[in-house]
Amino acid sequence: MEKKDLVQICEKYCAKLRISPFWDVKLQFVEDASWRKTGDIKIDCDDRKAILLLNINNPKQENLEEVIVHELMHLKMYPLDQVTESLITSCFEEKTIAQKFAYQQFFTTLEQTVEELTKCFLLEFGENRELSFGRCSLQKSFHELYDGLSNLE
């Protein structure tokens with residue numbers, strides 16, 4: 001997909017998600033072969049600006065439209081993200097098992113929620129409604145998870 005098409009997709013979803021005109025979002029293409037992510041977002045709440053980083057050199061996902069929507073959903077969820085993270089840091093002693101557990105649960109749930117919202121939005125408004133299965137294809141199969149385990153008796 002061409003860079004100009006990706007910019008248009010980003011602008012489309014900024015409007016659909018009611019991010020613009022309240023926020024300024026810049027789509028920045030990452031061409032560094034060592035960058036391992038497909039997408040990321042940097043957010044400055046004070047200035048209401050965000051930079052959406054998109055790996056066009058070595059993406060892990062097939063559908064870059066899906067990646068753009070996913071990262072923009074993180075921007076929409078950012079206030080809740082920050083409140084939850086503040087609660088975790090104020091309620092749990094630093095570097096304890098309890099704090100690590102709370103962070104793990106929070107970030108897992110956040111990613112699942114963002115991804116589910118992304119799928120809904122993509123299926124409703126997407127030009128490319130094919131979901132990326134790149135991460136899934138790297139996972140062990142259900143049966144491989146049980147390889148080497150002993151029966152409980």
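Entry 1. I looked up the side chain of glutamate 65 and found a polar contact of 2.7 Å to the side chain of tyrosine 13. The model I am reading is a predicted one.

Entry 2. I placed glutamate 65 in the secondary structure: the residue belongs to helix α2, which covers residues 64–91.

Entry 3. Is glutamate 65 buried or exposed, and which side chain of opposite charge is nearest? I find glutamate 65 buried and without a salt bridge. The nearest side chain of opposite charge is that of lysine 12, 4.1 Å away. I note that the cut-off for a salt bridge is 4 Å.

Entry 4. I listed the contacts of glutamate 65, leaving aside neighbours within four places in sequence. Among them are Ile9, Lys12 and Tyr13, and also Leu122, Phe125, Gly126, Glu127 and Asn128.

Entry 5. I moved on to strand β3, residues 49–55. Five of its seven residues are buried, so the strand is largely enclosed by the rest of the structure.

Entry 6. Which strands pair with β3, and in which sense? Strand β1, residues 24–30, pairs with β3 in the parallel sense over seven bridges. Strand β2, residues 39–44, pairs with β3 in the antiparallel sense over six bridges.

Entry 7. I checked one residue pair for each pairing. Leucine 27 has leucine 52 of β3 as its bridge partner. Leucine 54 in β3 stands opposite glycine 39.

Entry 8. I looked at the hairpin formed by β2 and β3, where four residues lie between the strands. Arginine 48 in this hairpin takes a positive phi near 55 degrees.

Technical notes
Residues numbered from 1 in each chain as written. Predicted model: local features only at pLDDT ≥ 70, side-chain atom pairs only at ≥ 80, totals over all residues. Heavy atoms only, no water. Helix = DSSP H or I, 4+ residues; strand = E, 2+ residues; numbered from the N terminus. Buried < 20%, exposed > 50% of the residue type's maximum accessible area, 1.4 Å probe, protein only. Lys, Arg positive; Asp, Glu negative; His and termini not counted. Polar contact = N/O pair within 3.5 Å; in protein donor to acceptor, adjacent residues only side chain to side chain. Contact = heavy atoms within 4.5 Å. Pairing = 2+ DSSP bridges.
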